[in-house]
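Visitor: I'm new to this. Please walk me through what I'm looking at.

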Amino acid sequence: MNESGEGDGQRPGKGKTNSPESEQAEEKDESKETAEENRKAHRERRDSEKEESQDDEREQSADDTDSDRGGSDEKPGKEKSEEGKRKKPPVYKRPAFIISAIVILTVFVVGAIIVWLYVRHFVWTDDAYVDGHVVQIAPQVSAPVQALHFDDNWYVHKGDLLVELDPADYQAASEQAQAQLDASRTRVAQTLTQIESAKAAVAEAAAQLDSAQVSLDNAKRDLRRYQEVDEAARSRQQLDNAATAEKNAEAQLHQAEARKASAEANVKTSIAAEKSAEADVGTAMASLKRAQVSLGYCKIHAPCDGRITERTVEAGNFAQVSQTMFMIVSPYVWVTANFKETQLTYMRPGDEVQLKVDAFPNLKLHGHVDSIQAGSGARFGILPPENATGNFVKIVQRVPVKLVFDIGPNTNDTELISPGLSVVPRVRIR
């Protein structure tokens, strides 16, 4: 390759200038030579590093062998200097690191298998809450509140007197109904007397009818005898008197029959009046009973055992019908857990349940599956899904499951399990 002059672009020994083509060719030759030299230097450097690494490994193995044999010979000064300059192997290549990694990986795999073998027997959810019977107490009559016999959060028993309403109006209504009942019973007694009197009048009319019948029969016989007697042996006046007597007897008979019919009608009227009076008695008794029931509603008793909650009534307030004054929460509670439909495959009533209440994390409770609702929660919502319309997106449904505690009534004041508390149930399904 031709060498360039310094600064003037002329070749040595000649005073002529090179052409641009020759200069480009020279530059290409120079770049090739430079690249070749760089590659050669890189190969030499790599071979040198490889040889040094092999020497370090041989020296390390030799040192290990000497240390195992317990040799105490000192190395030459040149070897000591080279040993000081020697590099340590990477951490991931050291035996201690490799053994530790293997042990940790083995422990992790074995632990994962044990956890899986244990966990596969359980299903759990955090969508679960304590539920129970909540009874709303409201008056059945309107009256001022006279007295309260409880306070907030008291535990009451079935039959305890809780509220007294002012009974004045209902006491007066009860007394009025009692007076109406007495009057109705008096009218019944009067109609019974009238019936007896009417029956006596019927008997008297019957007797008069019989007497009139006898008189008529006698008058007819007298008239017939006068008619059969020779006209010379009787007078015309005697015959007329006999005929008149017969007509009078017949008229008295009809009069007696009319009096008897009237007496019998009076009996029927009296009987009807008696039935009407008895009906009035029944109405009065019903009014009295209603008044007494209303009077009884002025005292409100506890319908069940439980705790007073949501009290909104005070002594002196005017209580309206169906206006909630307070609520009673029953001590018998359970858990409503909304499990995914995919978790119900092996769940059956009677399965054991471990219950953890968020409010009392140290409290260990046990229970069992009582029942599974026949339908998902969304199916009984206000707006149930209509999958036949619009675009369909499959969503895992949740089904309410009733879980019952194995403990008795919840009367513990320090760890009170109340409706609405969050619970995490774990059901053993296998």
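Visitor: How many bridges join strand S5 to S6?
Guide: Strand S5 (residues 161-165) is joined to S6 by 3 bridges, and the two run antiparallel. Strands here are DSSP runs of E with at least two residues, helices are runs of H or I with at least four, and both are numbered from the N terminus. Two strands pair if DSSP finds at least two bridges between them.

Visitor: Where do the residue numbers and values come from?
Guide: Residues are numbered from 1 along each chain as its sequence is written, and side-chain values use heavy atoms, without hydrogens and water. This is a predicted model, where local features need pLDDT of at least 70, side-chain atom pairs count only at pLDDT 80 or more, and totals for chains, interfaces and linings use all residues.

Visitor: Back to S6. Which residue there is the bridge partner of Leu161?
Guide: His301. Both strands belong to an open, antiparallel sheet of 4 strands, in the order S6-S5-S3-S8.

Visitor: Which strands stand at the edges?
Guide: S6 (299-301) and S8 (318-319). Each has a single partner strand, so one side of each lacks a neighbour in the sheet.

Visitor: What does S7 pair with?
Guide: Strand S7 (residues 306-309) is joined by 2 bridges to strand S4 (residues 155-156), running antiparallel. There, Val156 stands opposite Gly306. S7 also pairs with strand S9 (residues 326-340) over 3 bridges, again in the antiparallel sense, and Ile308 has Ile328 as its bridge partner in S9.

Visitor: New topic. Where is Ile113?
Guide: Ile113 is in helix H3 (residues 95-119). Its relative accessibility is 45%, so Ile113 counts as partly exposed (buried is under 20%, exposed over 50%, partly exposed in between, with a 1.4 Å probe and protein chains only).

Visitor: And what about S10, which residues are on its covered face?
Guide: In strand S10 (residues 352-357), Val353, Leu355 and Val357 make the covered face, while Glu352, Gln354 and Lys356 make the uncovered one. In a regular strand, side chains alternate between the two faces of the sheet.

Visitor: Which strands does S10 pair with?
Guide: S10 pairs with strand S11 (residues 360-372) over 5 bridges, in the antiparallel sense. S10 and S11 form a hairpin, with 2 residues between them. Glu352 has His368 as its bridge partner in S11. S10 also pairs with strand S13 (residues 423-428), antiparallel and over 5 bridges; there, Val353 has Val427 as its bridge partner.
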